[in-house]
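Please keep the structure in view while reading.

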Amino acid sequence: RLPVHVNIGNGPAITNLLNGVPANYTCMTERIKPEGYTTHFIGKWDAGSTMVEQTPHGRGYDTSFGYLNHANDYWNNTLYSGP
């Protein structure tokens with residue numbers, strides 16, 4: 001799928017922090033793992049994280065390194081605690 005179909009910054013979206021990317025959307029891992037590849041995610045995962053099934057491991061990645069959603073601060077390295 002194109003990012004415009006699931007990106008919350010492009011107007012009406014079908015994903016958000018609670019829902020994540022719909023489970024019926026095919027993730028890249030579902031295509032390449034059957035071919036014998038191992039999968040690794042590096043970076044910011046902004047495709048849902050309220051359930052284990054929405055995280056990189058839940059979506060089929062073997063390993064991941066990064067953070068979930070917007071739980072970072074580029075300026076002073078502190079966690080965002082909300083309003």
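The model is predicted: local features need pLDDT of at least 70, side-chain atom pairs count only at pLDDT 80 or more, and totals for chains, interfaces and linings use all residues. Residues are numbered from 1 along each chain as its sequence is written, and side-chain values use heavy atoms, without hydrogens and water.

A search of the whole structure gives three aromatic pairs. Rings of Phe, Tyr and Trp (its six-membered ring) pair if their centres lie within 6.5 Å; planes under 30 degrees apart are stacked, over 60 edge-to-face, the rest tilted. Two of the pairs are tabulated here.

| Pair | Centre to centre | Angle between planes | Class |
|---|---|---|---|
| Phe 41 and Trp 45 | 4.9 Å | 85° | edge-to-face |
| Trp 45 and Tyr 61 | 6.0 Å | 80° | edge-to-face |

Trp 45 lies in strand β1 (residues 40-45), and Tyr 61 in the loop between β1 and β2 (63-68), so their pair ties together parts 16 residues apart in sequence. Strands are DSSP runs (E, at least two residues), numbered from the N terminus. Phe 41 is buried too. Phe 41, Trp 45 and Tyr 61 make up one aromatic cluster.

The largest nonpolar core has seven residues, including Val 21, Cys 27 and Ala 47. Such a core joins buried Ala, Val, Leu, Ile, Met, Phe, Trp, Tyr and Cys residues through side-chain atoms within 4.5 Å.

Thr 55 lies in the loop between β1 and β2. Its relative accessibility is 14%, so Thr 55 counts as buried.

Technical notes. Buried < 20%, exposed > 50% of the residue type's maximum accessible area, 1.4 Å probe, protein only. Helix = DSSP H or I, 4+ residues; strand = E, 2+ residues; numbered from the N terminus.
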